[in-house]
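These are my notebook entries on a structure that I looked up.

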Amino acid sequence: MAVELVSAVALRSWFAVLSAQEKEKNDLIDNILKTVEAYESQIRYLKLEVDHEKNSRITFQEKLETLTRQKVGLENTLAQNAFVVVLVDGDGAIFQDDLLARPKEGANEASRRIVQAVKESLRDDPLEQEDITILVRIFANLNDLGKTLHLSNIIPQRTDLITFAEHLTTSRGEFDFINVGPGKENADSKMRKMLDHFYRNVQCKKIFFAGCHDNGYLHDLQQYTNNAHDDAHRIVLVETTPAQPSFRSLLPFPIVRFDNVFRSTSLRLGDSLPSPGCAGHSPPRPIPVSPVDEEPTSPASIIEQTTSPRNASPSTEPPEITNPTTGPASSMVMSGNGGKSVRYSLTYATAGGSENHHNISLKTDTSKTARSIEYNRNSQRLDPPNKRPQDLAVWESYHDKLARVQEGSQRRGFCNWEYLAGGCTRRSTCRMEHDAVLDERELLVQRYKARTGVCLTGPSCSEWDCFFSHHCPFENCPRPNCKFDVHLDESEREVWERWTEGKSAPDILRGA
């Protein structure tokens, strides 16, 4: 059988085909090897990453365990040293009469009652525990407060209050009754500083704040309402005399009462002594403690209001007076009839620092005409008619200025104290306008608007420059839900006595 020979051309062609296939195979193998090398390199990198993460995780776990142990230790330390604090503005929160009348025994009893009241308030609180530490800080002007208590026939001697304070301080190591000296703002300043100090102390679990008698604390307390979940349970307001309404409406904090510790009624000077020139007619009037009301044109704003009493009742022994050139009580002037006006803010404490028959006023009296206040037979303050200004152009200019004040700012309106009472003492924190210029006619509008507001002190108010109303202006009030609590009939609107600035006793008119 003959073999067919393949030509060289055909063989060369086959060789070329096989060579091409071999090249493709080699290229494929080369690509496979490169891919394997790349994967191996990535595997080595990932392995290093895994090892690094593993080491990091172990390190972090060790740190976490260390921090957890430290946290537990700190929590145990804080729990062991946790405490609550009671801050008391002693110039306005006055201890019960029966406690003050027995300085030594009463102080020890007051100490026991405070602890009992605090633990009673903590009964349903997680903090409730038998050995919880209770710190108490009481701030007051002992000298002037002692004089007031003596004039009120609560303590036999003025120095009894100092004895009471000393024994209260020594009754427990955690109690301090601190004499802040003369000046209304001294106690207030201490209260604000201590509130901030203890609020920042994480070991202080609760703060009992006894200052609801003074709206001046509202601005300070409001800054702690940003985190209501945290703060609403840390701060507890303690009500003594009835709390100002703004404490209930503007603050989220709970309010409690220590009725067996503090007085719930205002002090009255000389309850057992007749008022001069009144033949026993006029009953003793309570001394208000720095009442504050809301701006009637803007109920949400709070403005501090200070007071000046008209009738410090006489005493058989003239009270001592601290040097009027020291502290806020720095100005004493003679009036035309020989009486004196001592100019400083009044609290229960500072009221005792003035001589008998002084008219105490915050502002310098630049008016030539003596100011006066009239009362009816029930010793209720009578307001003059509140007439609405009729000039529409004045109302328009007033509202134009008000709109400019409120535009682009947080100012809520014109400050009554600045425009109607000679100056605002809290300009740095007051939310109202102080710098705009109002002419005399626009001031009449401001005064009319202010008179639509209710004075928190009520008909016993003795502030010479009070710009609020003390009773409903309508004799037969047509409003079913009138905001005024006091409504006077025709006979109750008769003037029985008129107190005039500079006089030591009222003019008795008896309905004239």
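Is Asp489 buried, partly exposed or exposed? I found Asp489 partly exposed, with a relative accessible area of 36%; buried means under 20%, exposed over 50% and partly exposed in between (1.4 Å probe, protein chains only).

I note that this is a predicted model, in which local features need pLDDT of at least 70 and side-chain atom pairs count only at pLDDT 80 or more, while totals for chains, interfaces and linings use all residues. Residues are numbered from 1 along each chain as its sequence is written, and side-chain values use heavy atoms, with hydrogens and water left out.

I located Asp489 in the loop between α13 (440-451) and β14 (497-500); helices (H or I, at least four residues) and strands (E, at least two) are DSSP runs numbered from the N terminus.

I then looked up aromatic pairs and found 13 in the structure. Rings of Phe, Tyr and Trp (its six-membered ring) pair if their centres lie within 6.5 Å; planes under 30 degrees apart count as stacked, over 60 as edge-to-face and the rest as tilted.

Phe83 and Phe198 form an edge-to-face pair, 6.0 Å centre to centre with 80 degrees between the planes. Phe83 lies in strand β1 (residues 83-89) and Phe198 in helix α6 (residues 184-200), so the pair ties together parts 115 residues apart in sequence. Phe83 is buried at 9% relative accessibility, and Phe198 is buried at 6%.

I recorded the pair of Phe95 and Phe262 as tilted, because the ring centres are 5.1 Å apart and the planes are at 40 degrees. Both Phe95 and Phe262 are buried. Ring pairs link Phe95, Phe164, Phe177 and Phe262 into a cluster.
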